[in-house]
Amino acid sequence: MALFKLAASIFLLASSPAYGFTSPTTLITRSKQISNSNNLIYHESFFPSKIATSFSSLSALPISSTISTVDISRTIIGLLLAQKISNSGYKKQSLSKSGAISAFLVASFSLATSFRNGLTLLAFYWTSSKLTRVGSKIKGKLEEGHTEGGERGASQVFACSLIAVLCACVRRILVGNDGPLLSTSVGLLGDQLTLAYVAFFACCAGDTWASELGVLSKSKPRLIIKPWKQVPPGTNGGISFVGLAASAAGGTLMGLIHGVLVPGGIASMLPFNLPPMLGAISSAALKKEVLILSLVGFIGGFGGSLLDSVLGATIQVTYYDDVEEKIVKRSGPNAKRVGGLAFLSNEMVNVVSTALSALIAALTARSLLSIMI
């Protein structure tokens, strides 16, 4: 119960504009009122199924006028959508119990900051889940522990989302509403956090797409730090043409989605006289937004995947079982080390590579944005 009371206050804070929001103390007090008045009903599976519905009374509370109806509506929609997707992933076994709870939280917070943030995150998870099922029988023969649904736990979900969600929340609180690049009055910070968000998910998508499709390549992968050496499919640090192409495509798609979904972007595509009322941006601004974010996505996907492969080949150990002829998770009588050192787990390698991708995008924001000027 305490967890969801706290979540209520944080959702409101994340949905508030940059300045003039009510104090955390006031928000927490209101969240207690909300939770007490709605008598939250707990689901028998992994989280309260009525938690999203219970927030529907938020609009009736005397919340500060600085939190708009749109913010509250988006937060409620985000909670409902996150609940539905988490439940679906749990039933389809693409998410474990802990993974479903984690996915619910990160999706809710992302959608609370802006629709395009949430939809970019959901696009990554949806495409990743679909690709996991591609060639699942072949993957099961090549990698130990591979399941058809690719069930992901909390550590995997947070490794591929937490840093980006924090960037989105910080931007929402310190900068304000989501919007086109070069549109804020607080300097470069907002754009840096936007580019970091895109680069993060581009790296995640690039690595996931490369792993899920590259392992199916008919040609044996080569070790990235020793390109003359062929390694078994699924080896950490192994690369192939199929995998590299997939990483570039996955990253570019994340950037493209984030660019097209910029607030006012879709409205600018309508052939009516409605766009001015919908806050549409100009066609030129939309093209620049899509161009720069697609470029960031391409670099983040392709470059991030290469970085992940270098880390995987050096500080992440890989074992190969000669009898079963597949990659295994630990050493054994028939398993030998074929690369890397037992220093970081796969999740930690993902955290390092995605964090570095996001940081590089933020630090090079000024140069990247010069394309738009």
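How many residues apart are Phe298 and Phe302 in helix α11, and what does that make of their separation in helical turns? They sit four residues apart in helix α11 (residues 283-315), so about one helical turn separates Phe298 from Phe302. Please keep in mind that this is a predicted model. Here is a quick tour of the chain and its aromatic rings.

**The chain as a whole**
- You will find 13 helices and six strands in the chain.
- The chain has 373 residues, and 51% of them count as buried.
- Among contacts in the chain with a separation of 6 or more, 72% come from residues 24 or more positions apart.

**Aromatic pair in helix α9**
- The chain holds five aromatic pairs.
- One of them joins Tyr197 and Phe201: the ring centres are 5.1 Å apart and the planes meet at 65°, so this pair is edge-to-face.
- Both residues belong to helix α9 (residues 189-214), where Tyr197 and Phe201 are four residues apart, about one turn of the helix.
- Tyr197 is buried, at 1% relative accessible area, and Phe201 is buried too, at 0%.

- Phe298 and Phe302 make a stacked aromatic pair, with 6.0 Å from centre to centre and 0° between the planes.
- Phe298 is partly exposed at 38% relative accessibility, and Phe302 is partly exposed at 30%.

**Aromatic cluster**
- Tyr197 and Phe201 also belong to one aromatic cluster together with Phe124, Tyr125 and Phe200.

Definitions and conventions:
Residues numbered from 1 in each chain as written. Predicted model: local features only at pLDDT ≥ 70, side-chain atom pairs only at ≥ 80, totals over all residues. Heavy atoms only, no water. Helix = DSSP H or I, 4+ residues; strand = E, 2+ residues; numbered from the N terminus. Buried < 20%, exposed > 50% of the residue type's maximum accessible area, 1.4 Å probe, protein only. Contact = heavy atoms within 4.5 Å. Phe/Tyr/Trp six-rings, centres within 6.5 Å; stacked < 30°, edge-to-face > 60°.
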